[in-house]
Amino acid sequence: ENQRKTLLSQNQLISMLTTRVPLPLAKTVLRLMGVEQLTPYYQSVKDVNRELNEILYNLGSIMVNSDTQVALGSLHFLRGNLYGRDGHLSALVEACSGIGTPGGSKVVLVSGYSGVGKSSLVEHAKEKLEEKNIHFISGKFDQLQQARPLAAIDAALNDFTNIIIQQGPQTPLEIKKAISDAIKTDVEVLTRMFPCLCKIIEKPMCAPIEVGSIAAQNRFKFIFQLFVRAIAT
């Protein structure tokens, strides 16, 4: 049975060879093969023999260093760094930097295929904004959480409550008062949907008045708007 042989590209060959063979020996082999990236300087068999003897003479140190050598033709990126997204990062930070100014309300959509780095981009923007004393909260829409209403907003508010609690005992009290002053006795409309808010405003003692489904939806939208205004000022 005939077997199909896959020819490696030049970069693939360089990377494969330099990950399996000590670098000085790999370079010698690649020069003999006439690889373009390496300047050929062998004029005769004596030149090759001289280099091989030098490799043998320094074989001990070469083998020690071979464990940490970096493969030629391969790219190595540091974990946690963002590459090639400076323009996107600047646009996102600039859009969020107008918070608290007249006309500062904006919607920014970060779109792209799965795995292209949308979440990483947003996380780097979050770090930049926190340096400017801006509270950045986020939640992620997940297909596996579709059965759970407003899961992304709940995740964002859970992030918010944790930030507020970490700022000491005084800040949660101020946020609790702002929310209570804005929403009055209808706080449980929010805590039913977002239980994480109980970490700040505690669980209400009285339940809201029961209304029809459409009226309940309209009431929730109105109260949520009041809530956002209260925590954003």
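Start by selecting Lys140, which sits in the loop between helices H6 and H7; helices here are DSSP runs (H or I, at least four residues), numbered from the N terminus. You are looking at a predicted model, where local features need pLDDT of at least 70, side-chain atom pairs count only at pLDDT 80 or more, and totals for chains, interfaces and linings use all residues. Residues are numbered from 1 along each chain as its sequence is written, and side-chain values use heavy atoms, with hydrogens and water left out.

Is Lys140 buried or exposed? Lys140 is exposed, with a relative accessible area of 61% (buried means under 20%, exposed over 50%, partly exposed in between, with a 1.4 Å probe and protein chains only). Ser119 is 21 residues away from Lys140 in sequence, and their C-alpha atoms are 8.5 Å apart.

Next, select residues 170-183, helix H8. Its 14 residues reach 20 Å from first C-alpha to last, close to the 20 Å expected at 1.5 Å a residue (the expected span is 1.5 Å times one less than the number of residues). Colour Thr171, Pro172, Ile175, Ile179 and Ile183, the buried residues of H8. Look down the axis of H8: these buried residues fall within an arc of 95°, so they line one face of the helix (the arc is that of the directions from the helix axis to the C-beta atoms). On the other side of H8, Leu173 and Lys177 are exposed. Show what covers the buried residues of H8, including helix H7 (151-165) and helix H11 (213-232).

Now for the largest pocket, with about 2,200 Å³ of space. A pocket is an open set of points on a 1 Å grid over the protein atoms alone, where a 1.4 Å probe fits, with protein on both sides within 12 Å along at least five of seven lines; lining residues have an atom within 4 Å of a point. Select Phe136, Ile137, Ser138, Gly139 and Ala156, which lie nearest its centre among 50 lining residues. Helices H5 (86-97), H6 (118-130), H7, H8 and H11 each supply at least two residues of this lining.

Finish at the second largest pocket, with a volume of about 190 Å³. H9 and H11 are the elements that give two or more residues to its lining, and H11 brings the largest share, four residues.

Conventions: Contact means heavy atoms within 4.5 Å. Grid points are joined across faces, edges and corners, and a volume is the space filled by probe spheres set on the points.
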